[in-house]
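Work through the exercises below with the model open beside you. Try each task before you read its solution.

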Amino acid sequence: MNESYEALQEKLGYRFKDISLLETALTHSSYANEKNTICNERLEFLGDAVLGFVSATYLYTNYDLPEGELTKHRASRVCEAALCVFAKELDIGSALRLGKGEERMGGREKPSMLADAFEAVLAAVYLDGGLEEAKKIALRFVARHDFLDDSKDYKTILQEVIQRNREEHVEYVLVGEEGPAHQKKFTVEVHLNSNVIGKGEGKSKKIAEQTAAKEALKLMGIVK
């Protein structure tokens with residue numbers, strides 16, 4: 001069996017009875033067109049529905065919020081940026097089957113491709129092992145990446161999102177410091193390459209950095 005498939009199954013915590021489902025989930029249309037085989041687009045469609053259902057059920061069960069707020073928070077969990085983080089943690093990119101052109105163009109790092117593949121893999125688990133197995137995997141990410149939790153480490157989330165593009169670099173820059181020693185206020189900017197993508201203030205540099213990271217994630221549509 002393909003070593004990358006073995007590694008992915010280990011990270012998923014699920015072993016396929018029908019490995020062809022996983023193979024299809026990892027087959028991009030560029031590869032399918034070259035080899036005249038089936039791509040992962042139909043599985044992606046199904047996986048989107050499974051992930052949406054699991055996320056909605058989780059939010060409904062755990063948070064007493066009105067429908068509009070539940071919808072917003074579900075969207076944050078199933079957006080492309082969040083799915084990229086999930087896919088990167090599973091190292092799905094290394095297992096993708098790509099056409100020669102996509103391979104040359106760095107398809108294994110493309111956010112849309114990784115997000116689609118994550119949904120396809122989830123659908124493959126659903127078809128192979130049922131809803132409960134798919135739910136276990138989805139909840140590992142949906143519940144842990146809980147964007148309603150104000151204690152969340154926003155710097156870590158931002159770093160995970162940015163890491164999908166190796167050429168990108170995040171830096172936190174102290175741009176202001178005022179007040180007496182016992183009542184300092186720090187101002188920090190977070191830079192993506194040379195661009196300011198967030199700004200935060202706090203009683204410590206650490207708090208200011210977290211606030212800046214949260215602002216950057218708001219800009220990306222990952223948190224509200």
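**Exercise 1. List the residues that Leu96 touches, leaving out those up to four places away in sequence.**

Solution. Step 1: apply the contact rule, heavy atoms within 4.5 Å. Step 2: read off the partners. Leu96 touches Leu26, Arg108, Met113, Leu114 and Ala117.

Two notes on the source. This is a predicted model, with residues numbered from 1 along each chain as its sequence is written, and side-chain values use heavy atoms, with hydrogens and water left out. Local features need pLDDT of at least 70 and side-chain atom pairs count only at pLDDT 80 or more, while totals for chains, interfaces and linings use all residues.

**Exercise 2. Find how many residues the largest nonpolar core has, and which element gives the largest share.**

Solution. Step 1: know the terms. A nonpolar core is a set of buried Ala, Val, Leu, Ile, Met, Phe, Trp, Tyr and Cys residues joined through side-chain atoms within 4.5 Å. Buried means under 20% relative accessible area, exposed over 50%, partly exposed in between (1.4 Å probe, protein chains only). Step 2: count. The largest core has 59 residues. Those with the most contacts inside it include Leu96, Leu26 and Phe118. Step 3: find the main source. Helix H8 supplies the largest share, 11 residues. Helices are DSSP runs of H or I, at least four residues, and strands are runs of E, at least two, numbered from the N terminus.

**Exercise 3. Check the span of H8, then say why H8 is largely enclosed.**

Solution. Step 1: H8 covers residues 111–129, which is 19 residues. Step 2: the expected span is 1.5 Å times one less than the number of residues. Step 4: look past the end. Gly130 follows H8 and has a positive phi, near 95°.

**Exercise 4. Name the buried residues of H6 and what covers them.**

Solution. Step 2: the buried residues are Ala81, Ala82, Leu83, Cys84, Val85, Phe86, Ala87 and Leu90. Step 3: their cover includes H1, H4, H5, H8, H9 and H10. Step 4: just after H6, Asp91 takes a positive phi of about 60°.

**Exercise 5. Is Leu131 buried or partly exposed?**

Solution. Step 1: locate Leu131 in helix H9, residues 131–142. Step 2: its relative accessibility is 32%, so Leu131 counts as partly exposed.
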